[in-house]
Structure formats: structure tokens, C-alpha cells
Amino acid sequence: MPMDADFREVRENYIRFVLTDAAPQVANSIRRTLLADVPKMAVHNVEFHLGPIMGEDGTEYESVTPLFDEMIAHRLGLIPLPTYLDEFNFRSECTCKGEGCPSCTVMYSLNKKGPCTVYSGDMEPLGSDKFRVKDEFIPIVKLGQNQAVLVYATAELGSGRQHAKFQAVQAPGYRYYPSLKFNYDKLDVSKFDVNCCPERILEKRDSKIVVTDVEKCTLCKACADAAPKGAVEVKGDDTRFVMQFETDGSLTAAQALSKSLELLEKKSVELLALVSSL
Ligand SMILES: [Zn+2]
């Protein structure tokens, strides 16, 4: 049987689907590729302007903030940046030989004068507006009177293997597809408390137990524990998996999933080439 996927919920930054006729190893390879290999853009280099900064009205500001420069650089690194995977090379593999060019880097400037709170939305992309940060209200630093910050930040592609800031996907996971069986020879339905299920997916109907949404079952077996031994059987199917993950917004969930499959395919093809040369 060929592997199949049934999409249950697809939102911009979230996806949940059922993978059928697969093995746990396949589900886990997808999970690991999503975490460690799907690349995204993140700020990797930050230059701080030092010395006084002149305001438009002639006021002099000090390039000082309440946070160490390292902390600001770290925070800039963690801001999700819109990523266009088809348009960018890894900097180290780029034709510019890592010098940094429009095919491998995106520059941002951050120029704010206090008193104010500096937010992620204050990062101005140098170039196309499509690189503008989507989550505008991630606080970076609070500036006091006469404090200012002037920063040039360079973003590049990386993967979670390198640093967690390059991880586009959060909390990818899969569960064995649940199945519940009720043995009515052993189960006295009138005495069975359906609220023993923490997910509240059990109901009594015509002196039978009905599972309202089996995919919500977490295989916790609370129902089996609440019933006499052998009356309720809870099993996970190791050929079907409910998979889900969300992204930080730099890529859509669908983009991240298709990139992970593309990377897995590429690895398999490379391995196959090595094996066939034996
Ligand atoms: Zn380049």
C-alpha cells in the first residue's frame, strides 16, 4: 500500500494530518527533518553604531540602551523573518563565496530614539518590503530619555542543526492512531463513568459507549483503568499517525512540510547513488 496523508486542519502556521500506511521511522524522519534541516532566515550578524546620534531637531542622543549589545543581538536573532527559500542560497554555498550578496543575505536597519519601546516592527528591510517582519510587536528593548539605538542587522539562511533561531517549526510531533474497543461482556455500562476520559471523548448512547472523536485520544488509558480488567482495550496503530506542528511564521506550515519531504527525498537519492555505485 502506498503511503497516504489525510489533511485534517491546515492553517497558515499550523498543520495536522493523518499519515497512513507508514512506519514509525518514516514519521520520525519527517519530524526530525522539520526540526533540524528545514532552513529559515534569521539575523546572524549585527553591527552597532557607537558614539552620539544626532536627532532631526539637533538633539544629541547617546547610543546607549539598558541592555548589553549582545542581548539585543540575541533578541534580533530570534525574531521570525519572512523566508523565501526559492530565492536564497546558504551564504557558505553562494556564488559570492560567503561575502554576502542579495542572493544569500537580507539587511535590516533599526534606528530608534528614546523614550520608547523598540519593537520587531521597527526593523526596516533594506530593499523589498516583502522582507518586513510580520510579528510587529515583539519587544526588543526599552529606551530612556536621550537614549538611541542604530543597528544594521544581516539575516541569512540556516538550519536548526546550527542554532535554534534557525528552527522554523515548533513542537512537531506524532501519535500512533488510537483505537478503542469495548468488551460488553465484561463492561457494565451503567457503572462506567465516561468522564474518566480527560479528553472527554466518551459518551453513553443506547447502553453502549461511543467515542465522539477518536483522534483526540492521547492513549492515556484512563478509560481502561476505570473499567474492569479487559473491558476496554486501548491500542495505538503503528502504521497510522496523527502528525501536527506549527511554525514561527517565517514559513507556512505547508511550505515547511513540503521542504522537509524534499530534503528527505534528496538524501535518499544521494544514498541510492552511493549504493548503486558499489
Ligand atoms: Zn551570496
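**Exercise 1. Find which residues lie nearest the centre of the second largest pocket, and describe its lining.**

Step 1. Start with the lining: the second largest pocket has 16 lining residues, and those nearest its centre are Thr-83, Tyr-84, Leu-85, Leu-251 and Gln-255. A pocket here is an open set of points on a 1 Å grid over the protein atoms alone, with protein on both sides within 12 Å along at least five of seven lines, and a lining residue has an atom within 4 Å of a point.

Step 2. Grid points are joined across faces, edges and corners, and a volume is the space filled by probe spheres set on the points.

Step 3. Sort the lining by class: four residues are nonpolar, six polar and six charged. Ala, Val, Leu, Ile, Met, Phe, Trp, Tyr, Cys and Pro count as nonpolar, Asp, Glu, Lys and Arg as charged, and the others, Gly among them, as polar.

A word on the model before going on: it is predicted, with local features needing pLDDT of at least 70 and side-chain atom pairs counting only at pLDDT 80 or more, while totals for chains, interfaces and linings use all residues. Residues are numbered from 1 along each chain as its sequence is written, and side-chain values use heavy atoms, with hydrogens and water left out.

**Exercise 2. Work out which helix gives the most to the lining of the largest pocket.**

Step 1. The largest pocket has a volume of about 320 Å³. Its lining holds 16 residues, with Asp-37, Pro-39, Phe-90, Leu-263 and Lys-266 closest to the centre.

Step 2. Now look at the secondary structure: helix 4 (residues 253-276) contributes six residues, the most of any element. Helices (H or I, at least four residues) and strands (E, at least two) are DSSP runs, numbered from the N terminus.

Step 3. By class, this lining has seven nonpolar, two polar and seven charged residues.

**Exercise 3. Describe how the zinc ion is held.**

Step 1. List the donors: the SG atoms of Cys-94, Cys-96, Cys-101 and Cys-104 coordinate the zinc ion at 2.2 to 2.3 Å. Donors are N, O and S atoms within 2.8 Å of the metal (3.2 Å for Na, K and Ca); water is not among the atoms, so sites may look incomplete.

Step 2. Read the spacing along the sequence, which is C-x1-C-x4-C-x2-C.

Step 3. Check the geometry: the angles among the four donor atoms are 102 to 115°, and the site is tetrahedral. Four donors count as tetrahedral if all angles lie between 85 and 135 degrees. For comparison, the ideal angle for four tetrahedral donors is 109.5 degrees.

Step 4. Finally, check burial: both Cys-101 and Cys-104 are buried. Buried means under 20% relative accessible area, exposed over 50%, and partly exposed in between (1.4 Å probe, protein chains only).

**Exercise 4. Find how many cavities of 30 Å³ or more the structure holds, and look inside two of them.**

Step 1. There are three such cavities. A cavity is a set of grid points where a 1.4 Å probe fits but cannot get out.

Step 2. The largest cavity has about 90 Å³ of space. Among its 14 lining residues, Cys-197, Cys-217, Cys-220, Lys-221 and Cys-223 are closest to the centre. The lining comprises eleven nonpolar, one polar and two charged residues.

Step 3. The second largest cavity has about 60 Å³. Its lining includes Phe-48, His-49 and Asp-69. Strand 10 (residues 148-158) supplies the largest share, four residues. Here the classes are seven nonpolar, three polar and one charged.

**Exercise 5. Examine the backbone at Lys-221, Asp-206 and Pro-115.**

Step 1. Keep the general rule in mind: most residues other than glycine have a negative phi, and most peptide bonds are trans.

Step 2. Lys-221 has a positive phi, near 65°. This residue sits in the loop between strand 13 and helix 3, and Lys-221 is partly exposed at 42% relative accessibility.

Step 3. Asp-206 also has a positive phi, near 50°. Asp-206 lies in the loop between strand 12 (202-205) and strand 13 (208-211), and counts as exposed because its relative accessibility is 73%.

Step 4. Gly-114 and Pro-115 are joined by a cis peptide bond, with omega about 0°. Pro-115 belongs to the loop between strand 6 (105-113) and strand 7 (116-119).

Definitions and conventions: Four donors count as tetrahedral if all angles lie between 85 and 135 degrees; four count as square planar and six as octahedral if opposite donors are over 155 degrees apart and all others between 65 and 115; anything else is irregular.
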